[in-house]
Amino acid sequence: MTINAAGATPAFATRQVHAGQSPDPATGARITPVYLSAGFVFDDLEAAKAAFEGRGGYSYTRVGNPTLTSLERKLADLEGGVDAVVVASGQAAVADALLAILRDGDHLVAARSIYSGSRSLFVEVFARFGIAVTFVDDSSGLDAWREAIRPETRALFAESISNPRNEVLDVRGVADIAHAHGLPLVVDSTLATPYLVRPLDHGADIVVHSTSKFITGNGSALGGVIVDGGRFPWADHADLHPQFSTPGAAGTTFVDRNGPAAYAQYTRDVIVQRLGPTLSPSNAFVVQQGLETLSLRMERHSQTALAVARWLETHPAVDRVDYSGLDSSPYHALADEYLPRGAGSVFAVRLHGGLEAARALHDNVAVISRMTHLGDVRSLVLHPATTTHGSLTADERDALGIDDGVLRLSIGLEDAADIIADLEQALEHVPAADSTGRAVFAGARA
Ligand SMILES: Cc1ncc(COP(=O)(O)O)c(C=O)c1O
């Protein structure tokens, strides 16, 4: 975004409102309108040719649309990237970001603790197309990342804050390992948003989001984005990543034509345009509306989540709270380093009493909604072992620390005292302790 009168780069709160948006050239509308049009009329044959060659003008909404462009510019600015590509969902963002890098015979190294849909994408879909994956158990263990890299590895993937266990990624540490092997680090930063951390500032190369979550913030529209940091030297590693440096019909490469935005343009032109997960301009408008208040919401989400996590940690029915904002978290030092503005609002809580305790809390909340969603103004609860992680084996769930007693909470923007009161009354329904210690909370606390 252009500098302000004082010569300084405007702060995040200013950029989230103004970046990427100027009054509509046709009408003066202050907010970029919803351009609901499948296609755009060409003035003449030369204009059609220019649009098809990417030299300006719009042609067809799957290729580009002014409402989408406005959102892409704002998201690229907020993440500190050179370009962004919006798509129809976070799932499409993860898939397309990686498909722009990987092909059959390639290998991906990913953190084990990631969104279950990303995991399924890798083990169910990528595997069918000859792309192998190795999961790293503890994403903060840098040696494990190093050891998982093979000659066929082409990318590293992790979440900046993991879903659901709130682990914090050592972005700089993992990025340095990736770069030493000529590989890009792709970070899903859905749970953090650019307000809490900008992975590109710490060495990551590509950032993806499900904008369906905090970026929209109100749970009303699906969307996703892929942001290109513009610093990965694709041409220096043409042996590993030839697609960006191979001349096309015109004799030029994506790097020649797009410089630092070569990856974003390749993703847009070759992957998204061909696979077709176009974001609806209506949804782009809704995402943009949410994005304008992101900093205010993330600040409050994080404050309230910390208060709720601290309260839960002292409750006798609770065995463990996985929230990096807590001193007890093994990720607290990384949170201090990477998340000075707050640790976000999604975390896991493990109850002593296993499934029956989790069921009692889950089924008795009244303010909190039972939903498979997160990053909403509403507080949400989910039982991963029977839902998002239900298709895993018990051993696989154990490796992720997701057993029957674990619930995922996404703390919303309600008053903290009301959320705590709701949890307190729901925890009163947890079955009383037995002598084996399996269900150890006596509902009526002393
Ligand atoms: C971290 C993360 N990435 C990606 C996704 C997928 O996003 P969407 O639901 O928009 O497809 C989710 C959804 O929960 C998520 O939590």
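Trainee: Is arginine 397 buried or exposed?
Mentor: Arginine 397 counts as buried because its relative accessibility is 15%. Buried means under 20% relative accessible area and exposed over 50%, with partly exposed in between, using a 1.4 Å probe and protein chains only. This is a predicted model, where local features need pLDDT of at least 70 and side-chain atom pairs count only at pLDDT 80 or more, while totals for chains, interfaces and linings use all residues. Residues are numbered from 1 along each chain as its sequence is written, and side-chain values use heavy atoms, with hydrogens and water left out.

Trainee: Where is arginine 397 found?
Mentor: In helix α15, residues 394-399. Helices (H or I, at least four residues) and strands (E, at least two) are DSSP runs numbered from the N terminus.

Trainee: And what is arginine 397 in contact with, leaving aside neighbours within four places in sequence?
Mentor: Ala385, His389, Gly390, Leu392 and Ile402. Contact means heavy atoms within 4.5 Å. With histidine 389, a polar atom of the arginine 397 side chain lies 3.1 Å from the backbone oxygen. That is a polar contact: a pair of N or O atoms within 3.5 Å where, within protein, one must be able to donate a hydrogen and the other to accept it, and residues adjacent in sequence count only if both atoms are side-chain atoms.

Trainee: What separates the C-alpha atoms of arginine 397 and proline 384?
Mentor: 9.3 Å, with the two residues 13 apart along the chain.

Trainee: Switching to threonine 253. Where is it found?
Mentor: Threonine 253 is in the loop between β7 (224-228) and α9 (254-258). It is buried, because its relative accessible area is 7%.

Trainee: Which backbone nitrogen does its side chain reach at 2.9 Å?
Mentor: That of aspartate 256. A polar atom of the threonine 253 side chain also lies 3.2 Å from the backbone nitrogen of valine 255. Beyond four places in sequence, threonine 253 is in contact with Phe244, Ser245, Thr246 and Pro247.

Trainee: How many residues apart are threonine 253 and arginine 73 along the chain?
Mentor: 180, and their C-alpha atoms are separated by 24 Å.

Trainee: What joins asparagine 163 and proline 164?
Mentor: A cis peptide bond, with omega at about 10°. Proline 164 lies in the loop between β4 (153-159) and α7 (171-180). Asparagine 166 is found in the loop between β4 and α7 too, and has a positive phi of about 60° although it is not a glycine.

Trainee: Is asparagine 166 buried or exposed?
Mentor: Asparagine 166 counts as buried, at 1% relative accessibility. Threonine 193 also has a positive phi, about 65°, and is not a glycine. Threonine 193 is in helix α8, residues 193-196, and counts as buried at 0% relative accessibility.

Trainee: How many cavities of 30 Å³ or more does a search of the whole structure find?
Mentor: One. About 40 Å³ of space lies in the largest cavity. On a 1 Å grid over the protein atoms alone, a cavity is a set of points where a 1.4 Å probe fits but cannot get out, a pocket is an open set with protein on both sides within 12 Å along at least five of seven lines, and lining residues have an atom within 4 Å of a point. Grid points are joined across faces, edges and corners, and a volume is the space filled by probe spheres set on the points.

Trainee: Which residues line the largest cavity?
Mentor: Among them are Ser139, Glu159, Ser162, Glu167 and Leu169.

Trainee: What volume does the largest pocket have?
Mentor: About 960 Å³. Of the 36 residues that line the largest pocket, the closest to its centre are Gly54, Val63, Gln265, Arg268 and Asp269.

Trainee: Which element gives the most to that lining?
Mentor: α10, with six residues. Elements that each supply at least two residues include α2 (45-52), α3 (66-79) and α10 (262-275).

Trainee: Last one: what should the 20 residues of helix α12 span?
Mentor: 28 Å at 1.5 Å a residue, and the end C-alpha atoms of α12 (residues 294-313) are 28 Å apart, which agrees. The expected span is 1.5 Å times one less than the number of residues. Buried residues of α12 include Arg297, His301 and Trp311.
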